[in-house]
Amino acid sequence: MNRQTEYLLTLIGAIFNALSAFVLIIITALAGIGISSQMNQTYDTDYYNTNYYDGSESALLIGVLIVVVIFLVATSIVGFIAAFKIKKGHSGWGIAVLVLGGLSITSIHGILWVIAGIMMLTRNGQINEGSDSITDDLTYLKKLYDEGIISTDEYEKKKKNGLIFKKGNLNRMSIVTATIIRYN
C-alpha cells in the first residue's frame with residue numbers, strides 16, 4: 001500500500017525536530033558564552049564582603065538545555081530513519097512514530113508524528129478500493145479463480161456477463177460463503 005502521506009508527515013516532523021534541535025544548540029551555545037563571560041567577576045555588595053558569581057544556577061540551565069538538545073537530536077535521527085523505512089514499505093514503524101509523537105506532543109513535529117502513527121496503525125494495506133479499471137477487476141477475478149474461491153462456472157459466467165467484481169464489495173463473509181457453496 002502506498003504510504004506517501006505517512007512518509008511525508010514523518011519526514012516533515014523529523015525536519016521540524018532537527019530545526020528545533022539546531023536552534024536550541026545555538027541558544028545553548030550563546031547562553032554558555034554569556035555565562036562564562038560573567039564567571040568569577042566580583043560584585044561589591046559591601047566594602048568588607050566581596051561575593052563572587054559562581055554560576056551554579058546558570059550551569060543548571062545549561063545542563064537542562066544540553067539534555068533537551070540530546071533528546072531532540074536522538075528523536076530527529078529516529079524520525080528520519082522511520083520516514084525512510086515507511087517509504088520502503090515497512091509498516092511496523094507506525095508504533096515507533098506514534099511513540100515519538102507522544103514524547104514530543106507539545107510541538108508541531110510531535111503532532112505530525114502522532115497523526116502519521118495513527119494513520120499507519122489504522123489504515124490496512126490489503127485492498128486498493130480506488131481502482132475502477134476493468135483490467136484490475138479482471139485480474140482480481142482471475143486471482144479469486146486461481147485461489148479456488150470461485151468455481152470455473154462462476155468465473156466464466158462473470159467474464160461473459162460483464163459483471164465485474166468491485167474489490168471493496170467482496171468481503172470475507174462472501175468469500176467464506178462462496179467457498180462453502182462451492183464445496184457443498
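pLDDT is the predictor's confidence in each residue, from 0 to 100. The protein averages 76, and 68% of its residues score at least 70. This is a predicted model, in which local features need pLDDT of at least 70 and side-chain atom pairs count only at 80 or more, while totals for chains, interfaces and linings use all residues. Residues are numbered from 1 along each chain as its sequence is written, and side-chain values use heavy atoms, with hydrogens and water left out.

**Confidence and layout**

The secondary structure comes to seven helices and two strands. These are DSSP runs numbered from the N terminus: helices are H or I with at least four residues, strands are E with at least two. From the N terminus on, the order is α-β-β-α-α-α-α-α-α.

Where is confidence lowest, and where is it highest? Helix α7 (residues 172-183) is lowest, at a mean of 46, and α4 is highest, at 90. Two stretches call for care. Over residues 126-131 the pLDDT stays under 50, and the model has eight contacts for them beyond four places in sequence. Residues 163-184 are also below 50, with 31 contacts beyond near neighbours in sequence. A contact means heavy atoms within 4.5 Å. Where pLDDT is low, the predicted coordinates should not be read in detail.

Helix α4 covers residues 108-122 and has 15 residues. From first C-alpha to last, α4 reaches 21 Å, close to the 21 Å expected at 1.5 Å a residue. That expected span is 1.5 Å times one less than the number of residues. Buried residues of α4 include His-109, Leu-112, Trp-113 and Met-120. Buried means under 20% relative accessible area, exposed over 50%, and partly exposed in between (1.4 Å probe, protein chains only). Buried residues make up 29% of the 184 in the protein.

A nonpolar core is a set of buried Ala, Val, Leu, Ile, Met, Phe, Trp, Tyr and Cys residues joined through side-chain atoms within 4.5 Å. The largest has 13 residues. Tyr-7, Ile-86, Val-97 and Trp-113 have the most contacts inside it. The elements giving two or more residues to this core are α1 (4-38), α2 (56-87), α3 (93-103) and α4. Apart from it lies another core, of six residues, among them Tyr-140, Leu-141, Leu-144 and Ile-150. Trp-113 touches residues including Leu-9, Thr-75, Val-97 and Ser-104, not counting those up to four places away in sequence.

**Side-chain pairs**

A salt bridge is a side-chain nitrogen of Lys or Arg within 4 Å of a carboxyl oxygen of Asp or Glu. The whole structure has two.

| Salt bridge | Closest N to O |
|---|---|
| Glu-6 and Arg-3 | 3.3 Å |

Glu-6 is buried, at 0% relative accessible area. Arg-3 is buried too, at 11%. Asp-146 is exposed, at 52%, and Lys-142 is partly exposed, at 33%. Asp-146 and Lys-142 both lie in helix α5, four residues apart, about one turn of the helix.

Rings of Phe, Tyr and Trp (its six-membered ring) pair if their centres lie within 6.5 Å; planes under 30 degrees apart count as stacked, over 60 as edge-to-face and the rest as tilted. Tyr-145 and Tyr-155 are stacked, at 4.6 Å centre to centre and 20 degrees between the planes. Tyr-145 lies in helix α5 (residues 134-146) and Tyr-155 in helix α6 (residues 152-161), so the pair ties together parts 10 residues apart in sequence.
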